[in-house]
Amino acid sequence: MAVGFHEVRFPVDISLSSTGGPCYSTDITTMKNGSEQRNINFVYPRCKFNAALGVKTEAQMKEVINFFHARKGRGFGFRYKDWSDYHLKNELIAMGDGQKNKFQIIKTYTSGGFSTVRKIRKPVVGTIEVYLDSTVADGWSCDYTTGVITFSTPPQSGKGIYCTGEFDVPVRFDTDEMDIGMKGEYFTWSNIPLIELRESGS
């Protein structure tokens, strides 16, 4: 069976109390004198989550079981709301050049003069607003499955293209096994690992 992505969202009431966030990968070699050589493997972070703490009721557990079966374990990806980071607020995504009409939604994280740019591939339907400088933009559409904004007419050169809205993280279950046990009167799952789906080359 071919695998793919289901444009459905993991239950938000469960993700609200879940744990996790962005993870980097760094190799560190310690020299004999105690100095270090560090190699950064991930230019962009890959998020990991554990949804187990978000399951508080028997009804939520049944919902997770159904969700797991529908995704065939690790087989199909899905949307996940990371409550710690799901907003875009007047985010500059590009500058118009008078020719290009397609733009990937991004989010930039800046500290101390250094920045990391993150592709936003799963914007939430109905939340996206687009501006050219400070003016509400007309004649655009958003592909909510890829995060690409398309203008009917290329924005003028020098115009800042800004985006406001919400986004999800594309993830999958990081296990094919459902490790269910009893706690009191209903079933529990002590570890529900989720991991972000990355594009090739990212």
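**Figure 1. A look at V8 and the residues around it.** Leaving aside residues up to four places away in sequence, V8 touches F67, R71, F78 and R79. The model shown here, as in every view that follows, is a predicted one. V8 has its place in strand β1. Is this residue buried, exposed or partly exposed? With a relative accessible area of 32%, V8 is partly exposed. For a sense of distance, find V43 as well: V8 and V43 are 35 residues apart along the chain, and their C-alpha atoms are separated by 28 Å.

**Figure 2. The whole chain, for orientation.** The protein chain contains 2 helices and 19 strands. Taken along the principal axes, its C-alpha atoms fill a box of roughly 65 × 55 × 35 Å. Of the 202 residues, 38% count as buried. The chain exposes about 11700 Å², and carbon and sulfur atoms supply 51% of that area. Among contacts with a separation of 6 or more, 69% are accounted for by residues 24 or more positions apart. As for charge, there are 24 positive and 23 negative side chains, and the centres of these two sets lie 3 Å apart.

**Figure 3. R9 and D168 form a salt bridge.** Side chains of opposite charge can pair when their charged atoms come close. Here R9 pairs with D168, and the closest N and O atoms are 2.9 Å apart. Which parts of the chain does this pair link? R9 belongs to strand β1 (residues 4-9), while D168 sits in the loop between β15 (160-166) and β16 (169-173), so these are distant parts, 159 residues apart. R9 counts as partly exposed, at 30% relative accessibility, whereas D168 counts as buried, at 4%.

**Figure 4. D176 and R74 bring two loops together.** The salt bridge between D176 and R74 has its closest N and O atoms 2.9 Å apart. D176 lies in the loop between β16 and β17 (180-183), and R74 lies in the loop between α2 (58-71) and β6 (76-80), so the pair ties together parts that are 102 residues apart in sequence. Both partners can be found at the partly exposed level: D176 has a relative accessible area of 44%, and R74 has one of 42%.

Figure 5. The side chains of D85 and K107 meet at 2.6 Å, N to O. Where do the two residues lie? D85 is in the loop between β6 and β7 (87-95) and K107 is in strand β9 (residues 106-111), so their pairing ties together parts 22 residues apart in sequence. Both D85 and K107 are buried. Elsewhere, salt bridges that share partners join E7, R9, R79, K122 and D168 into one network. The count of salt bridges comes to 11.

**Figure 6. G160 among its neighbours.** G160 is found in strand β15. With a relative accessible area of 0%, G160 is buried. What does G160 touch, if residues up to four places away in sequence are not counted? Its contacts are L92, A94, M95, Y131, L132 and D133. One of these, L132, is 28 residues from G160 along the chain, and the C-alpha atoms of the two are separated by 5.5 Å.

Figure 7. Most residues other than glycine have a negative phi. N90 is not a glycine, yet its phi is positive, at about 50°. You can look for N90 in strand β7, where it counts as partly exposed at 46% relative accessibility. D133 also is a residue other than glycine with a positive phi, near 55°. D133 has its place in the loop between β11 (129-132) and β12 (135-136). At 35% relative accessibility, D133 counts as partly exposed.

How values were computed:
Residues numbered from 1 in each chain as written. Predicted model: local features only at pLDDT ≥ 70, side-chain atom pairs only at ≥ 80, totals over all residues. Heavy atoms only, no water. Salt bridge = Lys/Arg side-chain N within 4 Å of Asp/Glu carboxyl O. Helix = DSSP H or I, 4+ residues; strand = E, 2+ residues; numbered from the N terminus. Buried < 20%, exposed > 50% of the residue type's maximum accessible area, 1.4 Å probe, protein only. Contact = heavy atoms within 4.5 Å. Areas by Shrake-Rupley, 256 points an atom, 1.4 Å probe, with all protein chains shown as cover. Lys, Arg positive; Asp, Glu negative; His and termini not counted. Charge placed at Lys NZ, Arg CZ, Asp CG, Glu CD.
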